[in-house]
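The following note sets out numbered points on the structure shown below. Each point is meant to be read with the coordinates open.

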Amino acid sequence: MINIDFLRGHAAEVAPKLLGCILERGIDGHILRGRITEVEAYDQTDVASHSYRGKTERTAVMFGPAGHMYVYFTYGMHYCCNVVVGEEGYGAAVLIRAVEPLDGEEIMLENRNGRGGTELTNGPAKVCQAFGIDKRFNGHDLSCAPLRLLPGKPVNSDGITVTPRIGISQAKDVLWRFVCN
C-alpha cells in the first residue's frame with residue numbers, strides 16, 4: 001500500500017514523484033503490474049486542464065480526495081487515466097502517459113490485440129487498454145483492489161527529463177511532462 005500523503009502536493013511537484021510507482025491491476029485471477037515511466041501534470045489554473053472551467057459532473061473526481069483515479073474518454077474511442085492529486089476541493093490530476101510492463105504482459109498483449117513491444121504501453125490510451133481501465137474506474141480509490149497504486153523505486157531527478165506536454169492545443173509550452181530517462 002502506498003502512503004498517499006505525497007499526492008496532496010501541487011500537481012507539478014507530485015508528477016515526478018509518481019515515476020517509479022507501480023500500477024497494479026487484478027483481472028480474472030491475473031495480476032498486471034507496470035512501473036510508471038511518463039506522466040503529465042494538470043491543475044485548475046491550467047487552460048489545458050479539464051478542471052480549468054471549474055467543477056462539473058465530468059471533472060468532479062478531480063476535485064475529490066487525492067489517491068483516486070480520474071478516467072475520461074477522448075476522441076470518441078480511448079480512455080485515459082489520471083491520479084487525482086492536491087488538496088480536496090482543488091481540481092488537479094496527473095495523467096499516466098506510459099508504464100514499463102513488469103508482470104502480466106501476456107494479458108496486456110491480449111488486451112492490446114497483440115500489439116506488443118515498445119507499442120504495448122507507451123501512451124495513455126495504450127496503458128488503459130493494456131490494463132483494462134475504463135469509465136468503471138472513474139473515482140476508484142487507488143488503495144483498493146482491483147486497481148492499486150503501489151510504491152516503487154523512486155527516480156532521482158537526474159533520471160528524469162522534463163518537457164512540454166504533448167497532444168494538447170493550449171499551454172503547450174508548460175514544462176509539466178516528466179519522463180524517465
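1. Two strands are said to pair if DSSP finds at least two bridges between them. Helices (H or I, at least four residues) and strands (E, at least two) are DSSP runs, numbered from the N terminus. This is a predicted model, in which local features need pLDDT of at least 70 and side-chain atom pairs count only at pLDDT 80 or more, while totals for chains, interfaces and linings use all residues. Residues are numbered from 1 along each chain as its sequence is written, and side-chain values use heavy atoms, with hydrogens and water left out.

2. Strand 1 has two partners. Four bridges connect strand 1 with strand 6 (residues 147–150), and these strands run antiparallel. Strand 1 also pairs with strand 2 (residues 30–43), again in the antiparallel sense, over six bridges. Leucine 23 faces leucine 149 in strand 6 and glycine 34 in strand 2. Strand 1 itself (residues 22–27) is mostly covered, with five of its six residues buried; buried means under 20% relative accessible area, exposed over 50%, and partly exposed in between (1.4 Å probe, protein chains only).

3. The turn between strand 1 and strand 2 deserves a check of its backbone. The hairpin has two residues between the strands, and aspartate 28 there takes a positive phi near 45°. Most residues other than glycine have a negative phi, and most peptide bonds are trans. Is aspartate 28 buried or exposed? At 74% relative accessibility, aspartate 28 counts as exposed.

4. Two further backbone features lie in loops. Alanine 171, in the loop between strand 7 (160–163) and strand 8 (177–180), has a phi near 55°, a positive value in a residue other than glycine. Its relative accessible area of 21% makes alanine 171 partly exposed. Alanine 145 and proline 146 are joined by a cis peptide bond with omega of about 10°; proline 146 is placed in the loop between helix 3 and strand 6.

5. Helix 3 (residues 124–131) is largely enclosed by the rest of the structure, because six of its eight residues are buried. These are Pro124, Ala125, Val127, Cys128, Ala130 and Phe131. Their cover includes strand 1, strand 2, strand 4 (78–84), strand 5 (92–103) and helix 2 (105–111). Just after helix 3, glycine 132 takes a positive phi of about 65°.

6. Which residues have the most contacts inside the largest nonpolar core? They are Leu18, Phe131 and Ile133, in a core of 41 residues. Helix 1 (residues 11–18) gives the most to this core, with five residues. A second, separate core of 11 residues includes Met62, Phe63, Cys80 and Leu95. A nonpolar core is a set of buried Ala, Val, Leu, Ile, Met, Phe, Trp, Tyr and Cys residues joined through side-chain atoms within 4.5 Å.

7. Isoleucine 133 has contacts (heavy atoms within 4.5 Å) with Leu23, Val71, Tyr79, Cys81, Cys128 and Leu147, leaving aside its neighbours within four places in sequence.

8. Aromatic rings of Phe, Tyr and Trp (its six-membered ring) pair if their centres lie within 6.5 Å; planes under 30 degrees apart count as stacked, over 60 as edge-to-face and the rest as tilted. By this rule the count is two aromatic pairs. The rings of tyrosine 70 and tyrosine 72 have centres 5.6 Å apart and planes at 35°, so the pair is tilted. Both tyrosine 70 and tyrosine 72 are buried. Phenylalanine 73 and tyrosine 79 also form a tilted pair, because their ring centres are 4.8 Å apart and their planes are at 50°. Phenylalanine 73 is partly exposed at 38% relative accessible area, as is tyrosine 79 at 27%.

9. The largest pocket holds about 460 Å³ of space. Of its 23 lining residues, the closest to its centre are Tyr72, Thr74, Tyr75, Cys80 and Gly167. Strand 2, strand 3 (69–74), strand 4, strand 5 and helix 3 each give two or more residues to the lining. On a 1 Å grid over the protein atoms alone, a pocket is an open set of points where a 1.4 Å probe fits, with protein on both sides within 12 Å along at least five of seven lines, and lining residues have an atom within 4 Å of a point. Grid points are joined across faces, edges and corners, and a volume is the space filled by probe spheres set on the points.
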